[in-house]
2 protein chains.
Amino acid sequence: MKTYFDCIPCFIRQALDAVRLATQDPGIQETVLQKVLSATGNMDLKQTPPAMGQVIHRLVREFSGNHDPFQSVKTESNQYALELYPLLREMVETSAHPMETAVRMAIAGNIIDLGVSSFVSRNVIDETITRSLSEPLYGNLEFLWQAADSAETILYIGDNAGEIVFDRFLVEQLSCDKITYAVRGGPVINDATLADAEESGMSRLVKVIDNGSDAPGVILDDCSDRFRQAFETADLIIAKGQGNYETLSHMEMPIVFLLKAKCPVIAGHIGCRTGTPVASRARQENAG
Amino acid sequence: MKTYFDCIPCFIRQALDAVRLATQDPGIQETVLQKVLSATGNMDLKQTPPAMGQVIHRLVREFSGNHDPFQSVKTESNQYALELYPLLREMVETSAHPMETAVRMAIAGNIIDLGVSSFVSRNVIDETITRSLSEPLYGNLEFLWQAADSAETILYIGDNAGEIVFDRFLVEQLSCDKITYAVRGGPVINDATLADAEESGMSRLVKVIDNGSDAPGVILDDCSDRFRQAFETADLIIAKGQGNYETLSHMEMPIVFLLKAKCPVIAGHIGCRTGTPVASRARQENAG
């Protein structure tokens with residue numbers, strides 16, 4: 001997906017949120033904002049939004065000297081999701097359709113996205129879970145069921161810390177031995193990295209790899225050979241969240257995107273209303 | 001008031017709204033966004049937000065070749081406000097406190113601010129009027145009543161088209177012959193100019209001058225000698241809206257600000273909650 005004009009004010013807001021978390025020094029905050037404004041002004045809008053996100057968050061980290069501004073927020077998200085885990089697992093297992101409930105939980109977890117909002121409260125997470133169990137999904141799950149059934153290898157590309165705990169329900173419903181779970185190669189926003197795979201318990205369930213990149217999405221040219229090989233050889237790819245959608249929606253691959261369409265640009269690209277839970281393959285006609 | 005970091009994403013959003021109204025050409029839209037990002041990155045944040053607004057909207061007009069992107073929106077706002085005028089005037093005149101109701105109407109009209117939102121619906125205007133008649137005002141009106149009573153000259157600095165019709169109620173309650181009503185010197189956002197003073201009927205009530213500047217506020221150094229003289233010699237200044245507050249709140253002058261505090265930065269500077277109707281002198285301790 002290209003970068004739309006509406007992404008640009010959002011980049012600046014996101015940079016401000018991140019640099020405030022990275023440092024209390026207003027001089028550094030101003031410097032980073034200036035650098036981000038300049039970089040955004042020179043951006044090629046044919047690139048995907050996470051390409052700019054990568055540049056922005058590198059600037060935040062470089063000038064603040066804070067290697068991982070969202071570290072404590074990520075740990076807190078993991079801990080809260082782990083608190084919820086036993087109850088939610090029981091809800092999945094006792095539901096009439098555990099697979100579908102697991103998908104709905106995985107999508108609900110995508111609300112924990114600090115690229116879209118500077119803060120996601122526990123109340124918002126709780127409400128999103130409740131709503132996600134019953135509200136209509138955009139797309140349908142038939143392709144996912146069929147592809148998961150016949151696949152020998154599934155690459156599950158995670159998105160955020162906290163959310164990764166919600167992915168466990170779906171991973172547990174599918175065959176764990178088929179699945180490789182991929183996280184980002186380095187800290188960017190609150191995206192899950194190897195540390196979050198450990199904290200969330202995901203590492204104990206399935207093989208976890210990192211993609212070698214610090215973009216908040218999957219920019220294949222920036223990823224490690226190991227990740228690219230896993231990506232190219234997977235029979236099914238499950239890609240969580242907006243950043244993965246933005247970077248992969250144009251690809252002719254067996255990908256299922258699971259996300260909350262939290263921003264109007266992405267909702268418009270998908271063809272649904274803002275806030276909709278999405279379980280869908282890419283709409284090829286919208287790609288690019 | 002200085003420019004806060006939170007103003008910066010808002011500048012970019014405002015530029016995008018304006019350039020979309022100014023031209024349908026995506027190439028020009030992108031060029032303007034790039035210029036605005038660059039100009040914002042080089043801005044001195046000790047300046048007030050309208051100083052940057054002036055630069056942004058000059059870029060929009062220059063590159064789009066559209067001298068007044070908001071012209072039709074301004075005329076529509078004036079027309080809608082004039083449709084409401086007879087009923088609202090009756091409400092003012094039959095109310096228990098016509099002066100206070102007139103102030104509340106003037107503040108309600110400040111919702112028609114396209115610097116804050118890209119669109120203000122008739123529903124929002126109607127709801128704001130209804131709410132404004134009863135909700136608590138921040139500040140108090142004693143200073144206004146006393147100063148208006150003893151003043152020989154009152155300078156009433158308007159803000160937006162449409163809103164200028166709502167200012168008529170207060171102008172009519174005060175002594176028209178004391179009042180000079182000031183508008184912007186040229187088009188910027190939907191701020192009222194001489195054309196709007198004509199369309200709204202304000203010109204038939206009181207002397208109207210323009211301030212000689214195309215900033216969306218009052219930057220005195222950029223204003224005409226005639227306006228500055230009116231400003232410096234007025235016994236009372238009534239200043240409408242956020243842009244006038246942002247540029248004048250630090251001044252030690254007999255100024256009463258009437259506005260809806262529509263953005264969190266200004267609400268924070270005033271010390272009230274976002275959305276509050278404000279009728280207040282500057283809080284000197286917050287200035288700068």
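# Close-up views of a two-chain predicted model

**Figure 1. Two chains, one turn.** Chain A can be laid on chain B by a turn of 180° and a shift of 0.0 Å along the axis, with an RMSD of 0.0 Å. That is how a two-fold axis relates things. Keep in mind as you look through these views that the model is predicted. If the idea of an axis is new to you, here's the background: two copies of a chain are related by a rotation about an axis and a shift along it.

**Figure 2. Where chain A meets chain B.** How many residues of chain A are in contact with chain B? There are 15 of them, and they are in contact with 15 residues of chain B. Two elements of chain A give two or more residues each to this side: helix H1 (7-22) and helix H2 (26-41). H2(A) gives the most, with 8 residues. Sort the residues on this side of chain A by class and you get 8 nonpolar, 5 polar and 2 charged. The copies meet through the same surface, because 100% of the interface residues of chain A are also interface residues in chain B.

**Figure 3. Chain A as a whole.** Does the radius of gyration of chain A agree or disagree with that of a compact globule? A compact globule of 288 residues would come out near 19 Å and chain A has 18 Å, so the two agree. Buried residues make up 53% of the 288 residues in chain A. Now take the contacts in chain A between residues at least 6 apart in sequence: 71% of them join residues at least 24 apart.

**Figure 4. Two domains in chain A.** Chain A is divided into domain 1 (7-64) and domain 2 (71-286). Their C-alpha centres lie 25 Å apart. Where the two domains touch, 12 residues of domain 1 of chain A are in contact with 13 residues of domain 2 of chain A. On the domain 1 side, H1 and helix H3 (49-64) of chain A each supply at least two residues. Which of the elements gives the most to that side? It's H3(A), with 7 residues. By class, the domain 1 side has 5 nonpolar, 5 polar and 2 charged residues. Notice that H1 of chain A turns up here and also on the side of chain A that touches chain B.

**Figure 5. A helix tucked inside.** Helix H8 (residues 163-173) of chain A is largely enclosed by the rest of the structure, because 9 of its 11 residues are buried.

Figure 6. Leaving out residues up to four places away in sequence, Ala15(B) touches Val32(B), Leu33(B), Val36(B), Ile56(B) and Val60(B).

**Figure 7. An isoleucine with a positive phi.** Ile189(A) sits in the loop between strand E2 (179-183) and helix H9 (194-200) of chain A. Its phi is near 45°, a positive value in a residue other than glycine. Is Ile189(A) buried or exposed? Ile189(A) is buried, with 27 other C-beta atoms within 10 Å, and the cut-off for buried is 20 or more. Over in chain B, Ile189(B) has a positive phi of about 45° too. Ile189(B) is found in the loop between strand E2 (179-183) and helix H9 (194-200) of chain B, and it counts as buried with 27 C-beta neighbours inside 10 Å.

Figure 8. Gly115(A) lies in the loop between helix H5 (98-109) and helix H6 (122-132) of chain A. Gly115(A) counts as buried, with 27 C-beta neighbours inside 10 Å. Setting aside neighbours within four places in sequence, Gly115(A) is in contact with Gln14(A), Gly53(A), Ile189(A), Pro216(A) and Gly243(A). Pick out Gly243(A) from that list: Gly115(A) and Gly243(A) are 128 residues apart along the chain, while their C-alpha atoms are separated by 9.1 Å.

Terms used: Residues numbered from 1 in each chain as written. Chains lettered and ligands numbered in written order. Predicted model: local features only at pLDDT ≥ 70, side-chain atom pairs only at ≥ 80, totals over all residues. Least-squares fit on C-alpha atoms with pLDDT ≥ 70 in both. Contact = placed C-beta atoms within 7 Å. Helix = DSSP H or I, 4+ residues; strand = E, 2+ residues; numbered from the N terminus. Nonpolar A, V, L, I, M, F, W, Y, C, P; charged D, E, K, R; others polar. Buried ≥ 20, exposed ≤ 12 C-beta atoms within 10 Å, placed from the backbone. Rg over C-alpha atoms; globule rule 2.2 N^0.38 Å. Domains from an automatic or database assignment.
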